[in-house]
Structure formats: structure tokens, C-alpha cells
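Good morning, and thank you for the time. Please look at the sequence and the structure as they come up.

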Amino acid sequence: MAHLTFLDLRYLPVKEAEAVILPIPYEATTTYGAGTREAPEAILAASRHLELWDEDDDWDPSAQITLATAPPLTPEAAGPQAMLDKVRKTVQPWFSQGKAVLALGGEHTLTPALVQAAQTKYPDLTVVALDAHADLRDTYDGSKLSHACALRRVYELGRPLTLLGVRAYSQEEHQLLTVAPRLTVYKAATLATPDGWEAALRHLRGLAGPVYLTLDADVLDPGVMPGVGTPEPGGLSYRQVVEIIRTLGERGPLIGADLMEVTPLPGHRVSEFTAARLAYKILAAMFRLRRG
């Protein structure tokens, strides 16, 4: 993919930036709709057409954040573990230097490496995941490094995990959801009720310490985000996802994030444009408290 910059900003070396966008066009374990490898370039291209004024908080984050778009991280032919190792080794120094990191995937398999890299700087972090699927299988198609196992591998890193918007999971995952001690779940059906929605926001406001956010695009309803590998009906609205992002930014440090599993549809730009908007909202949330 071409080396586009997020928002079409001027090129800035990573070493000079306080925030880094990392495109990762990796796709190896998808099992239904393919195309996530095309998402980072499509999202970056769409971002060039965004309005830069943030209408929610009345500021221009792009003018106040020194932002670098790193070169795309090319896939490793040796397999998923080699790719995860490459992601971790690439990103870990950035976290260690105190930079905020936003990765654009690519498939959800990448997230455990990003969280592991963040843990080296922030051992007390909490992970918040927005996903239609639980992604808590121990193995899938004979692999522990499948997109369907991403949050299981994250959970095994030992940190609290909050999962929002889930509405599709296996019996195995259901059993884990009901007993796992560090796992808090707000199903999509719960978030569709006023009481459930307010309870989820209260929970997010009460999180202590740094937070890492992983956003699987299929958490959104397919009517909003049709370009995903496995579209699940009954998803969250765009405004709900934005409110979750803003709540995380208001409560304390949002130190890193990823946006995964967009599958661009030919001739239909709404998914990558919506993803670009959400990526910009995440950046704004990362720096809102720092900028006042």
C-alpha cells in the first residue's frame, strides 16, 4: 500500500511525534468475508476528506497534536506468531517513549501484541473492547492465533477486560463470560435499554488508571458499518460508539487503541469513511484532557 498520511497531514518522522498512526494490512485467519488487508489504505484515503473541526468538543485536534503516520507494517509470511512478534517489537518503543498509538488493521488477531506492548509501559492498564463477537475462543480452526481468539489472548495477559456490544458467541465463550473474574460484559441488547446504557457509561467512568481501547468495526450495526467480514444485526449506533470513546477520554488516560476488521466494499465508501471518523474521534479522546 502507498504511504498515505492520516488526514493528509504533512509527513512527520515518528521520533518527532507524540501520537502515531500505524497501518497494519494483515489478514491471515479471516473465515467469512475477506478484505481487511485493504482497510488501512482505504481508511487513510478516506481520512483525507474529513472535516478537521471536532463538532463534539469544538476544537481541531489535528492542529494541536503532533501526529505521525508510520509506514505500513508489512505482513510476515512465517505466520501469525511472527506477525504478532513484529507488531510488538515495532510498537513497544513508542509506548515506552510515552507516545499514544492508534493501529489501523487488519484483522483482530493483531490486538494481543499491541496490548502486550502497551503493558511494558502501563502494567496497570485496563482493556476496553467493542466487538459484536466475544472473540474468546481458546482455539478456532486449530489455531490459538485466530481472529476469533483475539480477546481470549488479551484476557490471558492478566488485565481487567470490559467487553461492550457483544451479540454473538459460542457455548464455550458463554461459559467463560459468566465466570471470568476480570471480565465485565455489556451485551448489545443491554446497551439498547436506557438503564443498561447508563450502567455501562458509569462503569467506564469508574475505570482506574490507563485504558487501551480495541474497536472491532462490526460492533456497529451493519446499517452503519456494512463493510465488515461478519456483519451481525442488532449493533451499536455511531453516536453510541462515539459516546463510549468520549467517555473513556474524559475519565483519564487513553494511552493506545486499535481499529480492526473493516472490509472495504467496492463502490461503497461509507465503511472506511466512518472508520476514519472514528479514528479521529479516538485521537481527540486521547488528547482531550491534555489539551484542556
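I shall go from the chain as a whole to one strand and its partners.

This is a predicted model, in which local features need pLDDT of at least 70 and side-chain atom pairs count only at pLDDT 80 or more, while totals for chains, interfaces and linings use all residues. Residues are numbered from 1 along each chain as its sequence is written, and side-chain values use heavy atoms, leaving out hydrogens and water.

The protein chain has ten helices and eight strands, taken as DSSP runs (H or I, at least four residues, for helices; E, at least two, for strands) and numbered from the N terminus. For 292 residues a compact globule would have a radius of gyration near 19 Å, and the 17 Å of the protein chain agrees with this; the radius is taken over C-alpha atoms, and the globule rule is 2.2 Å times the number of residues to the power 0.38. Of the 292 residues, 58% are buried, meaning under 20% relative accessible area with a 1.4 Å probe, protein chains only.

Now to strand β8, residues 254–260. Seven of its seven residues are buried, so β8 is largely enclosed by the rest of the structure.

Which strands are joined to β8 by bridges? Strand β3 (residues 100–105) runs parallel to β8, with four bridges between them; here Val101 has Gly256 as its bridge partner. Strand β7 (residues 211–216) is also parallel to β8, through six bridges, and Val211 is paired with Leu254. Pairing of two strands requires at least two bridges found by DSSP.

Definitions and conventions: Buried < 20%, exposed > 50% of the residue type's maximum accessible area, 1.4 Å probe, protein only.
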